[in-house]
Amino acid sequence: SELLEYCPSEASPADIGGHEALKHWLEQRHMAFSEEAMRYGLPLPRGVLLVGPQGTGKSLTAKAIAHSWSMPLLRLDVGRLFAGLVGASEARTRDMIQRAEAMAPCVLWIDEIDKGFGGDSRSDGGTSQRVLGTVLTWMAEKTSAVFVVATANGVDKLPGELLRKGRFDEIFLLDLPSADERHSILDLQLRRRRPKHSITLEVLVDRTAGFSGAELEQTVIEAMHLAFAEQREFGEADLIAAASQVVPLSRTAREQLEALQAWASGGRARPASRG
Ligand SMILES: Nc1ncnc2c1ncn2[C@@H]1O[C@H](COP(=O)(O)OP(=O)(O)O)[C@@H](O)[C@H]1O
Ligand SMILES: [Mg+2]
């Protein structure tokens, strides 16, 4: 159906820099889909909620889960779910759930769930509330191997029911990368383009505090443009020059990020990175 889009994915956890605790947790949950785990008495994993600022690898993680678990990735188009006639959304939601279950084992990816369910319920006659209720009830009762991966850039607009323990197996905060994490992301992004690179990264790591993973990738691409225009190979100096031109989102959206960090530190979400 058009509500569920099949997403081909080649990403693997090895493409994710940092987020070591999250990757470790995912490995454990993957094992729980085996017959051995079932005999052991483990329940099927339900899903995970990934929250964090833009560009920290939430979508990348959803793709990596499906690919490394060899499951189809079905992305729910939340916008389409709510489009059209009042009342149609609930029927479409039940239909969507049936289709996902028919594909099990699979990963159901609800990307940017805060956009779909974060609206004002008074403005849509309660439709989003009822659709959310349908999804949450299904998640609580489901016995099928549909692993739900939801992502959100913020939690301030998310309904409390969604964040309550027991809906998802776990809620992870994907924060901006630490210095060590920036090092591994830069190295990953460079090796994607120059598999044998030997660029020194210490100064660059220093100059990119506050950058997201996406902004680190953007820095690498910008450095390549700089050098390519001069018909030469790029190096450390180009990367440093490129980094100085990027204004990281964290500088402009600082308050929003701090609110999210404060929320998560109250024990409501686990840090995706170790420590
Ligand atoms: N932790 C990371 N490790 C490696 N690359 C990353 C990481 N975070 C972001 N990126 C790069 O930035 C791109 C965009 O990230 P994305 O997963 O779409 O961010 P989000 O969904 O959190 O906004 C990714 O495809 C990847 O190339
Ligand atoms: Mg995303």
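1. In this predicted model, the place to begin is ligand 1, which lies between two domains, because domain 1 (4–174) and domain 2 (179–248) both give residues to the shell around ligand 1. The space that ligand 1 takes up is the largest pocket.

2. The shell around ligand 1 is made of 17 residues, and the closest of them are G17, G55, K58, S59 and E217. Three helices, α3 (58–68), α9 (179–193) and α11 (213–229), each supply at least two residues of the shell.

3. Several polar atoms of the protein can be followed to particular atoms of the ligand. An N or O atom in the side chain of S59 is 2.8 Å from an oxygen atom of ligand 1, while at L60 a backbone N or O atom lies 2.9 Å from an oxygen atom of ligand 1. Q189 has a polar side-chain atom that lies 3.1 Å from a nitrogen atom of ligand 1. Ligand 1 taken alone exposes 560 Å², of which the protein buries 84%.

4. Two details of the backbone deserve a look as well. The peptide bond that runs from A104 to P105 is cis, with omega near 0°, and P105 lies in the loop between α5 (88–102) and β4 (106–110).

5. The other backbone detail concerns H19, which is not a glycine and yet has a positive phi of about 55°. H19 is placed in the loop between β1 (4–6) and α1 (20–31).

Technical notes
Residues are numbered from 1 along each chain as its sequence is written. Chains are lettered from A and ligands numbered from 1 in the order in which they are written. This is a predicted model: local features need pLDDT of at least 70, side-chain atom pairs count only at pLDDT 80 or more; totals for chains, interfaces and linings use all residues. Side-chain values use heavy atoms; hydrogens and water are left out. A residue is near a molecule or strand if one of its heavy atoms lies within 4 Å of it. A polar contact is a pair of N or O atoms within 3.5 Å; within protein, one must be able to donate a hydrogen and the other to accept it, and residues adjacent in sequence count only if both atoms are side-chain atoms. Accessible areas come from the Shrake-Rupley method with a 1.4 Å probe; for residues, only the protein chains shown count as cover. On a 1 Å grid over the protein atoms alone, a cavity is a set of points where a 1.4 Å probe fits but cannot get out, and a pocket is an open set with protein on both sides within 12 Å along at least five of seven lines; lining residues have an atom within 4 Å of a point. A molecule sits in a cavity or pocket if more than half of its atoms lie within 2 Å of its grid points. Helices (H or I, at least four residues) and strands (E, at least two) are DSSP runs, numbered from the N terminus. Domain bounds come from an automatic or database domain assignment.
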